[in-house]
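Me: Hi! I have a new protein open and could use a hand reading it. Could you walk me through it?

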Amino acid sequence: MENKIPYKIYLEEHEMPKAWYNVRADMKNKPAPLLNPDTLQPVTAQELEAVFCSELVQQELDDSTAFFEIPEEIRSFYKMYRPAPLVRAYCLEEKLQTPAKIYYKFEGNNTSGSHKLNSAIAQAYYAKKQGLRGVTTETGAGQWGTALSMACSYFGLDCRVFMVKVSYEQKPFRREVMRTYGASVTPSPSTETEVGRRILAEHPGTGGSLGCAISEAVEVAVNTPGYRYVLGSVLNQVLLHQSVIGLETKAALDKYGVKADIIIGCAGGGSNLGGLIAPFAGQMLRGEADYRIIAVEPASCPSLTRGRYAYDFCDTGKMCPLAKMYTLGSGFIPSANHAGGLRYHGMNSVVSQLYADGLMEATSVEQTKVFEAAEYFARVEGILPAPESSHAIRVAIDEAIKCKETGEEKTIVFGLTGTGYFDMYAYEKFHNGQMTDFIPTDKELEASLEKLPKV
Ligand SMILES: *Cc1c(COP(=O)(O)O)cnc(C)c1O
């Protein structure tokens with residue numbers, strides 16, 4: 001006797017999380033520490049504070065505090081677009097004729113169009129609190145830059161964004177959204193930084209990469225008084241802020257007595273996945289419950305499924321600390337025809353450790369399969385999904401189809417991280433039949449992995 005679950009489960013405002021959850025506190029095997037690339041010793045807070053805001057450094061290094069109170073100012077901002085709905089995908093279930101129950105947590109309901117705003121507002125808040133003038137950052141597809149420009153404009157901070165050049169050229173509207181919120185946007189690699197000039201000299205005509213844009217943004221931050229660098233994924237602090245996704249999801253499920261069987265998230269740098277699964281992984285770590293957790297990555301940038309678990313640089317310019325993570329090598333740049341996002345060469349160290357310890361699975365999907373799922377979902381559920389999110393949609397649909405074959409009534413929860421309105425160039429390629437799949441060969445990956453730092 002199942003109570004009819006609402007199409008959209010919205011928590012009440014007072015049911016929104018008041019603290020972020022730090023899953024590291026419940027991990028027996030802690031993620032390996034960041035290392036100083038020169039000394040190969042764990043980085044100190046003092047070293048990191050040259051680059052990052054102080055309070056964020058504390059969050060980055062804290063492996064034992066389970067809950068961090070969300071400051072009132074951030075909670076007020078969250079209320080403008082949260083709680084985010086947990087949607088029961090009745091139409092999708094019906095269309096697939098599956099006995100599975102499918103839910104998705106929708107994070108696209110804000111102008112930046114993705115979950116990145118959850119961390120952007122937190123990072124801008126701590127920068128403001130520290131009395132800084134501004135922050136620098138990189139953006140790939142543009143979602144993070146947009147989110148950060150919104151957050152900086154809210155707190156009156158200057159925002160300087162280095163945008164991967166191909167995206168800068170392919171997504172002029174993203175750029176203009178950022179400028180609407182007062183950010184300055186520079187295509188990367190640029191001639192404004194030493195590292196940018198070096199990369200341009202080595203690879204003339206390059207369309208850039210995330211790792212390269214990170215190096216440029218870090219260089220400007222450390223050389224400009226009153227500025228720090230902020231990053232929208234990969235770091236543990238970002239995972240911490242994104243735990244708001246998982247906490248809300250769990251609260252909404254608990255409210256209706258629903259227990260998830262399978263939890264699925266797309267994985268670029270690992271922040272939405274890490275945030276979505278945090279409270280569930282916490283239960284697994286404490287032996288309270290069991291879930292099947294699946295990370296989904298692009299076949300053209302398969303860090304978990306084909307990378308190596310090793311210390312590597314977080315950026316191409318090798319300026320950032322070394323992180324132990326599943327990586328394809330910091331010099332790895334996915335094929336230029338890859339349109340599905342999630343292009344980062346590494347993976348957050350918490351997600352990496354949970355994966356290494358067998359708490360979750362990973363799978364990779366080809367981009368034509370991803371866009372097939374995206375289009376199907378848009379037609380059935382009405383939301384035009386981001387290509388990144390569509391990796392999770394693909395696997396959710398595949399799992400629901402398996403349930404149809406076996407007759408199992410599993411409950412599937414996936415993260416719908418954002419909308420795809422700025423990705424119509426990629427959709428166009430798909431519709432025109434011009435999208436191809438690119439899977440790197442073992443030899444190509446080997447060549448990149450050979451250059452991993454010897455630690
Ligand atoms: C940035 C982004 C991702 C991937 O980043 P993670 O840090 O892996 O979460 C996924 N979906 C959308 C919509 C994004 O903007």
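Reply: Happy to! One term to begin with: two strands pair if DSSP finds at least two bridges between them. Helices (H or I, at least four residues) and strands (E, at least two) are DSSP runs, numbered from the N terminus. This is a predicted model, where local features need pLDDT of at least 70, side-chain atom pairs count only at pLDDT 80 or more, and totals for chains, interfaces and linings use all residues. Residues are numbered from 1 along each chain as its sequence is written, and side-chain values use heavy atoms, with hydrogens and water left out.

Me: Which strand has the bridge partner of Val296?

Reply: S14, where the partner is Thr363. S11 and S14 (residues 361-365) also pair in the parallel sense over five bridges.

Me: Why is S11 described as largely enclosed?

Reply: Because six of the seven residues of S11 (residues 292-298) are buried. Buried means under 20% relative accessible area, exposed over 50%, and partly exposed in between (1.4 Å probe, protein chains only).

Me: New topic: Ser448. Is that one buried or exposed?

Reply: Ser448 counts as buried because its relative accessibility is 11%. You'll find Ser448 in helix H18 (residues 442-449).

Me: What does the side chain of Ser448 reach?

Reply: The backbone oxygen of Leu328, at 2.5 Å. If you leave aside neighbours within four places in sequence, Ser448 is in contact (heavy atoms within 4.5 Å) with Leu328, Gly329 and Phe332.

Me: Let's zoom out. How many helices and strands does the chain have?

Reply: There are 18 helices and 15 strands. The radius of gyration, taken over C-alpha atoms, is 20 Å.

Me: What share of the 455 residues is buried?

Reply: 62% of them count as buried. As for its extent, the C-alpha trace spans about 65 × 50 × 45 Å along its principal axes.

Technical notes: Polar contact = N/O pair within 3.5 Å; in protein donor to acceptor, adjacent residues only side chain to side chain. Rg over C-alpha atoms; globule rule 2.2 N^0.38 Å.
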